Amino acid sequence: MDKPQLIEHLHESVNYTVYDTKWIPLSAKFVVLGSKPNSHGILDIYELNEDKLEKVKSVEKKAAFKCGTFGASSLRNRHMAIGDFEGRLQVLDLEHPDLAVYNVKAHSGIINCIDAIGGTQLECGAPEIVTGSRDGSIKVWDIRQGQDPVVDISPPSQMGDGINRSNLRRDCWAIAFGNTYNEEERLIAAGYDNGDLKLFDLRAMGVRWEATIRNGICGLEFDRRDIPMNKLAVTTLEGGLLVYDMRTQHPTKGFSYVEERNAGRSVGTNGVITGPKATVWTVRHVPQNRDVFLTGGGTGSIRLWKYEYPDRRVLEDADGNKEGVAGKLQMVSAVTLSSQPVHSFDWHPDKLGLAVAGAFDQSVRVLITTKLNTL
Amino acid sequence: MSSEKKAMELQFQVRQNAREYQSSVKDLYSWEKEIKSKELAMLNAPAPKIQTNNTPVRSHVKKTDETLKKPATNSGTSSPAITPTEKQDLPTDTLAQLHKKANDIKDRGNSYVKLSEYEKAIEAYTEAIEVYSLDPIYYINRALCFLKQESHDNCIEDCDAAIGLDKLCVKAYYRRMQANESLGNNMEALKDCTTVLAIDPKNYEAKRSLERINERLRKIATKNGPNFSADREDFVDILPFDKAASRRSKQPMRRISVVDIVTPRPGQDDQKQLRISDEEIDKIFNSNCGPFEEVKKKVKLQTKVAQPNTLEANDNLNVKIQETKQPAQHQSTVKEESIQSSTKLIETIIPQTIKPAAESNQTNPIVEKSVKTQSQPIVKESSITNVPQPTKTEKPSTLSNKTKIEQEDKKVKTMERIPPAPSGTAQFYMTWKELSPNQKYQYLKSIEIPNLCKILGAGFDSDTFTDLLRTLQDFYVPNKEPTTAAVLLEISKNDEFSILVIFMSPEDKNMAACIMDAISKFPKNNPGLLQKLGKLYNVA
């Protein structure tokens, strides 16, 4: 009872499928991205107003929206980078959403995931947007440069018929920027649908590390993007949750991790974990505390986790190579929000505990968390 | 005690939680207000200091292999200098930059082409060429636009330019070939085509077909056939084409003997000849020719002369010529049967077999066979189920009466083509709709009675039903077709019939009643059948 509690503060039903929810920086508004039944994309802006939500703006476009981010926009201009179902990347100014600031046909398949960095941070490199798509390629974009990606990470193009092609190219499902602590360094972590986890170093232009996890990777996030990489949380299908300790890379063993296999299941009344192994769709670290994060599961439940560091984070093995030691995960609290998966979640960068969550039951919820400061 | 304590604790906790929740909510509201004011302030703030992000755009690097080598450090950000500005970049990489810029413009042009806005595309490509003139791609793209706009000369020019830049530019040769073809410069087109093939023998499909066309054109240009008159400007060459085997007609080939047609009398006949409709001609030249119906001109004057003609003609023509009256001598030509023709206008093509009308009647007491009987066009090898009944069994008296009436009725016979008996429901309905009433009659007669029910099928609607009744009433009854009753019976066997009978309109009912009455007066009627029919049709 002393634990932090996640409470649903406001609830709004919409008449379209919600694909992403994001807070607008420095405001009490958030954006909901979705897809209408006629497959048009819809962007709604809601504002918190005491005990209800007010819809401030609604924008409709021809293609359904899949994901969006504010990472590359400065505080002053609210430019949201949005990926849609047709593979287009658009940067929209929310004050004037009709004309895109930047518009490019990024991929040939649906853009599954997007991340951006550099907008508000100082001294961490150029503002860039990275998109991962069903066609297996990852592209980094800079809106100052024309229609070509700045970096294009694609599997080698296949000769031969299309049947073979689709088998060999894995869909990219999750993507995250990290390690951008100065102007040069930047890393992209990418998760694929077959469980491949790859770390691309953009300074060295190469693959820094790769691993394969048992299940397809649905969610990926570094605990902080603008520090030397510390932890990487990975969520997968079938209820998998892994947290990698990224401070030490062993030459052969890579990074060490702690794994939780039941992260997706529903939590019963007494905290008894029951039910089928559901996908863990998303993982989001609390902006104010990088050791606390939240996962959204396929059964409609969300769980708050706390990571505890081990006594010694680095060990030396027989050959003198440094090896990282992973800590422990502790589930702090769990709440079932809906019957459908909670697949999008965003903490408010300014207010501790305030979050917006979107679920596949066509609803958007605003949550507040009590006692988060005690963690 | 402990449980009480626990309960107390729990309650306490719950209350505390509630209090906390309230406080956090209040906190939230106050924060909201704060942040909204902050937001407003920020939005209303004066124009922001233009804070150009000095960090350079990461150089355009393509990673094609996922498992990549580790190149030297700083290769990622090598090209832009530490304090990059546009000016500094230019000297090092002028041409490439220009090229890139031009490529962007070309992309714009490409999107215009996709939207079929060739004007704008041409503008864009011209701009691209101005920026960077050494890329043949812009020229061939512009050539394509010109081609679509049919400015073939410009197209050829651009292709020439592209070829000047790149001797092995396949597309340039291809497009120049197309332009030359359209202009009629066959030799040039052929040259270009062979060049294309020389460069790229693998892309043979498009080139092969055009090679062929070139061949043809060459042949036509050089040949001098027997009927070849001087080349006139407005002559259009009709080139043969190959029809895929799958698209050819599936009808079996029919042997039609070639017969010399006696040229018709000028004047009247010519006019009549010109009145042949295209449809009729089509029907002739399709392999779907229907039975040939002999059209006779009623010219009483010619009867004497005509007779020997008809004799001959009948011998020679195995084509389905049907005459309404045959001289009795021609028992041998059993197949030839007569069809009653309606009172319609003629379109004579073979006018010579003129009906020896009244005369033959008088001369031959043995009446022509199968006048009144249902006749069937000899269309196919399909069996003639309704063998023309020997006329002798018919009542001769009424026949002669009838023939007189016929004569009056039939001033002119029509060259009507009766479609072949339908092989299926769809065919039946499609042709049925297109037929004139008389044709309908013939057509209906052509359908074998047992098949009638099936052919009417499930789509048997009340319009068709009314039509059938009308046909029966107007043609079968006056002609005393003995199959009328059988037809009626067959119709009644159709599944839809019961419903249709219920929905018969008063006119339909009248028609049915008339037909019933008429049938009952037929000779050789079957009272049992009649009663049954009466019940079926009057049941409503």
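Contact means heavy atoms within 4.5 Å. This is a predicted model in which local features need pLDDT of at least 70, side-chain atom pairs count only at pLDDT 80 or more, and totals for chains, interfaces and linings use all residues. Residues are numbered from 1 along each chain as its sequence is written, chains are lettered from A and ligands numbered from 1 in the order in which they are written, and side-chain values use heavy atoms, with hydrogens and water left out.

**View 1. Chain B as a whole.** Chain B has 21 helices and 1 strand (DSSP runs, helices being H or I of at least four residues and strands E of at least two, numbered from the N terminus). Among its contacts with a separation of 6 or more, 69% join residues 24 or more positions apart. Of its 540 residues, 39% are buried (under 20% relative accessible area, 1.4 Å probe, protein chains only).

**View 2. The largest nonpolar core.** Such a core is a set of buried Ala, Val, Leu, Ile, Met, Phe, Trp, Tyr and Cys residues joined through side-chain atoms within 4.5 Å. This one has 38 residues, and B:Phe465, B:Leu469, B:Leu488, B:Ile491 and B:Tyr537 touch the most other members. Elements giving two or more residues to the core include α17 (462-476), α18 (483-493) and α21 (527-538) of chain B.

**View 3. Surroundings of B:Ile491.** Apart from neighbours within four places in sequence, B:Ile491 contacts residues including B:Leu452, B:Phe465 and B:Tyr537.

**View 4. A second core.** This separate core of 23 residues includes A:Leu10, A:Ala28, A:Val356 and B:Tyr29.

Methods. Buried means under 20% relative accessible area, exposed over 50%, partly exposed in between (1.4 Å probe, protein chains only).
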